[in-house]
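Let's walk through this one together, question by question.

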Amino acid sequence: MPAVDKLLLEEALQDSPQTRSLLSVFEEDAGTLTDYTNQLLQAMQRVYGAQNEMCLATQQLSKQLLAYEKQNFALGKGDEEVISTLHYFSKVVDELNGLHTELAKQLADTMVLPIVQFREKDLTEVSTLKDLFGLASTEHDLSMAKYSRLPKKKENEKVKTEVVKEVAAARRKQHLSSLQYYCALNALQYRKRMAMMEPMLGFAHGQINFFKKGAAMFSQNMDNFLSSVSDMVQSIQVELEAEAEKMRVSQQELLSVDEAVYTPDFDVAAPQINRNLIQKAGYLNLRSKTGLVTTSWERLYFFTQGGNLMCQPRGAVAGGLIQDLDNCSVMAVDCEDRRYCFQITTPNGKSGIILQAESRKENEEWICAINNISRQIYLTDNPEAVAIKLNETALQAVTPITGFRKKQESPCPSPNLENSEVKNDNTVPKATVSVPEAEELIAPGTPIQFDIVLPATEFLDQNRGSRRTNPFGETEDDAFPEAEDSLLQQMFIVRFLGSMAVKTDGTTEVIYEAMRQVLAARAIHNIFRMTESHLMVTSQMLRLIDPQTQVSRANFDLTSVTQFAAHQENKRLVGFVVRLPESTGGESLSTYVFESNSEGEKICYAINLGKEINEVQKDPEALAQLMLSIPLTNDGKYVLLNDQPEDTDGSPRENAGAESEA
């Protein structure tokens with residue numbers, strides 16, 4: 001028999017998301033087995049009912065054959081042979097009825113009864129243990145939440161002692177219930193196979209016995225096959241008994257551990273702290289804001305992976321990124337009168353997340369591990385040795401905030417600068433003989449704008465008329481009336497990389513050169529922040545909308561967009577050239593570069609479609625031909641397939657805001 005998947009009893013106490021994820025697979029298998037067992041039982045009961053009906057039918061047939069003699073047929077002469085023949089047939093049918101009755105009894109005992117017992121005993125036991133496990137887990141979570149809220153005041157030692165005992169009792173109860181639940185699920189994998197084969201074995205034996213007594217219709221090969229099936233069931237039974245004994249012994253060993261395993265922070269006086277960790281995993285409490293002045297704490301499973309801090313909610317298959325730890329700082333903080341809290345600060349000095357460990361040992365080891373990872377020790381050839389060397393004289397593994405400030409003030413270039421420049425240069429298409437020189441496209445020394453800030457005059461032009469002027473330079477476009485009248489209305493999620501003035505709009509090479517210079521400037525000056533916007537493409541204009549406030553950050557008439565292109569290698573980069581009149585009477589050319597969640601070709605297709613619609617709107621026949629060639633939505637607007645990217649963020653944070661990190 002092939003090997004049977006098992007839940008490891010040794011991992012029941014840790015109760016990690018990986019174990020919960022594997023447990024969900026077993027629970028799903030048990031649920032599927034329950035549904036299939038009910039359907040199988042219905043089919044078997046139908047067979048048993050049909051066999052009972054056959055018994056009644058053959059009994060009625062035998063009586064009817066005998067009743068022929070008692071019928072007063074007007075022309076009944078010469079029926080003696082028919083009557084004697086029917087009497088013989090009646091006797092045969094009576095004997096056959098006895099065989100059917102015996103077969104019905106065998107089906108009830110060997111086919112229907114085992115599957116009923118499997119459903120009522122084994123599956124019900126698993127369901128009951130699942131409920132007990134869920135109650136124990138909930139009780140443990142509540143006790144841990146109560147323990148996490150313990151203050152640091154010494155006068156509450158009696159309360160702390162009671163809470164610690166409560167946590168230990170809840171954790172032991174959860175451990176016991178999980179062990180019993182895991183053992184039942186493991187045993188179910190064996191009982192499932194037996195339960196599927198035993199009823200059919202009984203069904204086959206009953207049918208063979210029926211036909212053997214009626215006529216020799218089964219060959220010796222079938223007997224050998226059924227014998228092998230019977231031997232298989234017996235071998236599975238032996239394996240089940242051996243595995244049950246192993247699980248019983250293992251359960252006793254796991255339950256005989258020291259009480260310190262269940263008690264959090266049992267070695268608070270002198271914990272054994274490993275300051276040389278380069279990876280760490282365990283449960284932490286994450287602080288989240290729920291309002292202007294209110295916060296909440298959620299107990300989640302965290303682990304480090306390379307230079308990232310990951311979070312995996314209970315039951316999830318994989319973890320999601322919480323924080324990039326490279327060049328971050330970490331320090332212990334006092335937060336809401338909670339113990340063992342620490343804060344991770346991003347390289348730009350922005351306050352990051354606040355986490356709480358369940359013990360002093362866990363708190364200091366997390367700080368040490370994050371501090372080691374932030375130094376990028378994991379990238380060295382021997383990270384363990386480097387970590388030991390760096391921490392052998394350290395008293396506390398806390399990165400001072402002054403170290404970050406000195407790093408920001410240091411004139412030394414970043415060690416990754418050269419690689420960043422090479423990477424950005426590689427993303428630019430290779431030049432050919434016909435491509436103009438960079439000086440012909442963009443003037444040397446042209447400044448680059450990394451934020452979307454339009455001149456005040458442009459905002460005045462956009463807000464003239466009866467509409468109110470927003471003092472912060474944003475338009476109150478809540479309803480976008482021109483978008484409602486537009487045949488085309490497509491929305492894309494983009495991040496603004498930069499814009500700069502250009503010399504020409506006669507070739508798309510100016511867009512590629514602008515992309516190269518913008519990316520290179522970002523790498524040189526360590527600019528990683530990007531402003532996320534919603535780019536709405538209509539047949540009249542391009543509109544950049546703030547995703548939080550739904551106000552317009554910038555508007556561009558589609559007629560002023562003279563060039564647009566997506567990068568040939570990095571498909572998510574897209575740019576366009578805008579020609580705008582100046583107050584002096586001339587015209588200015590500017591290139592805007594964005595990074596999109598979807599392919600840039602889709603944005604280019606939408607812009608091109610909008611320009612085509614704008615050109616043919618005055619010609620009804622041409623507009624009709626264009627509408628026939630392109631799919632429309634139910635309200636008559638043009639659609640693009642798969643233009644909305646799916647949200648793949650696995651972070652538990654509710655909203656990261658409009659500012660995102662590259």
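Helices (H or I, at least four residues) and strands (E, at least two) are DSSP runs, numbered from the N terminus. This is a predicted model, in which local features need pLDDT of at least 70 and side-chain atom pairs count only at pLDDT 80 or more, while totals for chains, interfaces and linings use all residues. Residues are numbered from 1 along each chain as its sequence is written, and side-chain values use heavy atoms, with hydrogens and water left out.

Q: Is Ala 260 buried or exposed?
A: Buried means under 20% relative accessible area, exposed over 50%, and partly exposed in between (1.4 Å probe, protein chains only). Ala 260 has 19% relative accessibility, so the residue counts as buried.

Q: How many residues separate Ala 260 and Ala 168 in sequence?
A: In space, Ala 260 and Ala 168 are 8.8 Å apart, C-alpha to C-alpha. Along the sequence, their separation is 92 residues.

Q: How many helices and strands does the protein have?
A: Let's step back to the whole chain: of its 662 residues, 42% are buried. Among contacts (heavy atoms within 4.5 Å) with a separation of 6 or more, 69% are between residues 24 or more positions apart. As for the elements, the protein has 14 helices and 16 strands.

Q: Why are H2 and H3 roughly antiparallel?
A: Axes are lines fitted to C-alpha atoms, for helices over the stretch in contact, and angles run from 0 to 180 degrees between N-to-C directions. Angles under 35 degrees count as roughly parallel, over 145 as roughly antiparallel, 65 to 115 as roughly perpendicular and the rest as oblique. The axes of helix H2 (residues 80–148) and helix H3 (residues 157–214) come within 8 Å. H2 and H3 are therefore roughly antiparallel, since their axes cross at roughly 170°.

Q: How many nonpolar, polar and charged residues does the contact of H2 with H3 have?
A: Here Ala, Val, Leu, Ile, Met, Phe, Trp, Tyr, Cys and Pro count as nonpolar, Asp, Glu, Lys and Arg as charged, and the others, Gly among them, as polar. By these classes, the contact of H2 with H3 has 29 nonpolar, 16 polar and twelve charged residues.

Q: Which hand does the crossing of H1 and H2 have?
A: Helix H1 (residues 17–67) packs on H2 at an angle of about 160°, with the axes 8 Å apart. That makes H1 roughly antiparallel to H2. A crossing is left-handed if the near helix is turned anticlockwise from the far one by less than a right angle, and right-handed if clockwise. The crossing of H1 and H2 is left-handed.

Q: How many charged residues does the contact of H1 with H3 have?
A: The axes of H1 and H3 come within 11 Å and cross at roughly 30°, so the two helices are roughly parallel. Their crossing is left-handed. Beside 16 nonpolar and five polar residues, the number of charged residues in this contact is four.

Q: Which residues does Gln 251 contact, leaving aside its neighbours within four places in sequence?
A: Gln 251 is found in helix H4. With a relative accessible area of 17%, Gln 251 is buried. Its contacts beyond those neighbours are Leu 176, Leu 179, Gln 180 and Cys 183.

Q: Which backbone oxygen does the side chain of Ser 374 reach at 2.7 Å?
A: Ser 374 is in helix H5 (residues 360–374) and is buried at 7% relative accessibility. A polar contact is a pair of N or O atoms within 3.5 Å; within protein, one must be able to donate a hydrogen and the other to accept it, and residues adjacent in sequence count only if both atoms are side-chain atoms. The backbone oxygen of Cys 328 lies 3.4 Å from a polar atom of the Ser 374 side chain. The oxygen at 2.7 Å belongs to Asn 371.

Q: What is the relative accessibility of Cys 328?
A: Cys 328 is in the loop between strand S4 (320–324) and strand S5 (329–335). Cys 328 counts as buried, with a relative accessibility of 3%.
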